[in-house]
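Me: Please take a close look at a single part of this structure, and then follow its surroundings in one connected account. I would like each term to come with its cut-offs.

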Amino acid sequence: MDPQEELFYDAVHQRCPPELILNLAKQLTEVHVQFFIEQFEIAEAINPYYTKTVIKSLIDNVDIFSEDETQASNRVLVIPVQDVYLTEWLFEKYIELLNVSVPSPTAKDVVQYRLDSNVRIKIEEIPRLISGAGTTGFRTWEASLYLARYMLDYDFQGKNVLELGAGTSMVSATIAKTSGNKTNTLYITDGDTTLLETLSRRNFHLNGLIDNEKFMFRRLLWNEDPIPPNIDIVLAADVTYDASVVADLCSCLLECLSNGRCKQCLISATIRNEDTIKAFEDQISQLKMTFKIVSSTEVDVNGALPTETLPTETLGTSLIAPIRIYSIEQ
């Protein structure tokens, strides 16, 4: 399949906004009806309302498609299947979905995130539920995607890895799927035991990651529950969201770095509030740890630091705020 058409379907499965889907559709040179229908039926089975909104956007711009090769100049050539025509299918499917209403705030979705052309991670989440049961872990935050992409090239050979505040387990699931045969033990931890058992573990299963002795799901309340032994590296994303958690977080990081084996903590932080991130940096220094920013979506951060952005196919929308990855050492 053409990479551009593949990217188009990836964006649908990632629930990218309809306007982005339309823009990607306009960039196609051809679309295969049979595969198009198969992919949209997969999306419909999980999230019919989203599918309806995307189809409506395509119908409103249906003139971008051409089902006649002789008239396909500057339009997307549609490769038919038997007597099925794409435009007819779109109209019929939209009518079929017309009465589908907006999902409830607690409705689940399974979103497939494209981290690069070879790595896709499925995550069950409740994207409309910003906070519930005292946790924000029911959705995948941008900092998790950023850290997951950053870790794709990391060497996990023989490493014991600890993720703090795993939430949906995007970062851990990515490591398990791409480097699970190399890691020694992967500790997936969060302060919410129910979240770990009902969502984090479920997301491992969605990605074909069966339970084994390498994957350890544990509750870990910072400065209350014990740190697993022999940790080599600590990872966390979007755990600096509030100044009230900074002291406990940094104390936990110091405990990890003090075990004699752990040399590095990588923290992916969304910079929503400069005062909060300054409190985080100050607390690191007060505890005699050092930090450096190893990756950032900001321009020219710290002068010569290389910058990186989340590509459209990974995020599907603009960043709500800059993201930095901090490397913290003792």
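Reply: H13 is buried, with a relative accessible area of 11%, where buried means under 20% relative accessible area, exposed over 50% and partly exposed in between, computed with a 1.4 Å probe on protein chains only. This is a predicted model, in which local features need pLDDT of at least 70 and side-chain atom pairs count only at pLDDT 80 or more, while totals for chains, interfaces and linings use all residues. Residues are numbered from 1 along each chain as its sequence is written, and side-chain values use heavy atoms, with hydrogens and water left out.

H13 lies in helix α1 (residues 3–13); helices (H or I, at least four residues) and strands (E, at least two) are DSSP runs numbered from the N terminus. The side chain of H13 makes a polar contact with the side chain of Q39 at 2.6 Å, a polar contact being a pair of N or O atoms within 3.5 Å of which, within protein, one must be able to donate a hydrogen and the other to accept it, with residues adjacent in sequence counted only if both atoms are side-chain atoms. Not counting residues up to four places away in sequence, H13 touches Q39, I42, A43, V110, V111 and Q112, where contact means heavy atoms within 4.5 Å.

From there I turn to the sheet. Seven strands form an open sheet of mixed pairing, in the order β8-β7-β6-β9-β10-β12-β11, and two strands are taken to pair if DSSP finds at least two bridges between them. Strands β8 (215–219) and β11 (290–296) stand at the edges with a single partner strand each, so one side of each is left without a neighbour in the sheet. Neighbouring strands of this sheet are turned by 20° against each other on average, direction ignored; axes are lines fitted to C-alpha atoms, for helices over the stretch in contact, and angles run from 0 to 180 degrees between N-to-C directions.

Within this sheet, strand β6 (residues 160–164) has five of its five residues buried, so the strand is largely enclosed by the rest of the structure. In a regular strand the side chains alternate between the two faces of the sheet. Both faces of β6 are covered, with N160, L162 and L164 buried on one side and V161 and E163 buried on the other. Strand β6 pairs with β7 (residues 185–190) in the parallel sense over four bridges, and L162 stands opposite Y187 in β7. The chain crosses from β6 through helix α7 (residues 170–179) to β7 in a right-handed β-α-β crossover, meaning that, with the strands pointing away from the viewer, the path from the first strand over the helix to the second runs clockwise. Four bridges also join β6 to β9 (residues 233–237), again in a parallel arrangement, and the bridge partner of L164 in β9 is A236.

The loop between β6 and α7 holds A166, which is buried with a relative accessible area of 6%. Leaving aside its neighbours within four places in sequence, A166 is in contact with I188, T189 and D190. The C-alpha atoms of A166 and T193, 27 residues apart along the chain, are separated by 11 Å.

D192 caps the N-terminal end of α8, with a side-chain oxygen 3.0 Å from the backbone nitrogen of T194. The buried residues of α8 are L195, L196, L199, S200, N203 and F204, and they pack against β5 (120–125), α7, β7 and β8. Just after α8, G208 takes a positive phi of about 75°.

Two further positive phi values occur in residues other than glycine, near 65° for N223 and near 55° for D238.
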